[in-house]
Amino acid sequence: MIVVGLTGGIGSGKSTVARFFKEIGAVLIDADELAHDAIRRGGASYDQVVAHFGERVLTAEGEIDRKRLGRIVFNDPAQRHRLNQIIHPWVLAEAKRREAQISEQNPAAVVIFEVPLLIESGAHREVDRVVVVRADRETRIHRLGRRDGLSPEEANKRIGAQMPEDERILYADYVVETDRPLSDVRRQVEEIYRVLRNCNEITD
């Protein structure tokens with residue numbers, strides 16, 4: 001089995017690249033999905049998040065409002081760091097548990113671990129390869145406006161709150177450029193997947 005960390009800045013196209021990897025045979029572990037599970041009512045991190053951020057982040061039904069929480073943490077680096085401290089250890093532990101399960105069931109699997117903060121959290125040290133997804137800033141701003149309804153100013157602020165793209169790429173074994181037609185993005189993913197499968201066979 002080979003475990004590949006997939007990362008990139010907000011609006012870079014990570015989800016599309018992850019979907020392509022899954023469609024051609026990789027097994028996907030999505031850190032965002034794990035994080036959402038963690039902060040659902042009754043989830044592993046729910047009580048800690050509410051204790052720290054207060055009831056202002058709750059909906060009328062008692063669930064954590066992720067958009068409200070997002071506005072808080074994107075405007076305050078200290079709060080963002082604290083949220084990561086609460087959630088990331090559980091997410092990484094759960095990912096490890098799933099990797100062990102996948103390895104037992106399919107020793108030849110290519111596992112894609114999609115993590116927005118792969119580098120920042122140090123999780124890149126726990127994977128065999130790193131794939132960085134990138135797109136130019138204008139494309140990312142357009143995507144965030146279309147997807148999340150963010151103004152260009154809000155999108156710029158969120159992009160600026162993350163690790164600079166040039167720095168992230170320094171950690172990459174492979175880079176997928178997504179400010180291109182989808183057919184070209186898929187071709188890049190297919191080429192990387194073939195290499196990863198070969199690496200897996202050599203390792204086995």
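Reader: Which residues in α3 meet which residues in α5?
Author: Q48, V49, H52 and F53 in α3 meet Q79, R82, L83 and I86 in α5. Contact means heavy atoms within 4.5 Å. This is a predicted model: local features need pLDDT of at least 70, side-chain atom pairs count only at pLDDT 80 or more, and totals for chains, interfaces and linings use all residues. Residues are numbered from 1 along each chain as its sequence is written, and side-chain values use heavy atoms, with hydrogens and water left out.

Reader: At what angle do α3 and α5 pack?
Author: About 160°, with their axes 10 Å apart. That makes α3 roughly antiparallel to α5. Angles over 145 degrees count as roughly antiparallel, under 35 as roughly parallel, 65 to 115 as roughly perpendicular and the rest as oblique. Axes are lines fitted to C-alpha atoms, for helices over the stretch in contact, and angles run from 0 to 180 degrees between N-to-C directions. Helix α3 covers residues 46–53 and helix α5 covers residues 77–105.

Reader: New topic. Is R140 buried or exposed?
Author: R140 is buried, with a relative accessible area of 5%. Buried means under 20%, exposed over 50%, partly exposed in between, with a 1.4 Å probe and protein chains only. R140 is found in helix α6, residues 137–148.

Reader: What does R140 touch?
Author: G9, I10, G11, S12, A135, I159, Q162 and E165, leaving out residues up to four places away in sequence.

Reader: And how do α6 and α7 cross?
Author: At roughly 120°, with axes that come within 9 Å. α6 and α7 are therefore oblique to each other. R137, R140, I141 and L144 of α6 make the contact with P152, A155, N156, I159 and G160 of α7.

Reader: Zoom out. How many helices and strands does the chain have?
Author: Nine helices and five strands. Helices (H or I, at least four residues) and strands (E, at least two) are DSSP runs, numbered from the N terminus.

Reader: How much of the chain counts as buried?
Author: 46% of the 204 residues.

Reader: What box do the C-alpha atoms fill?
Author: One of roughly 50 × 40 × 25 Å, taken along the principal axes.
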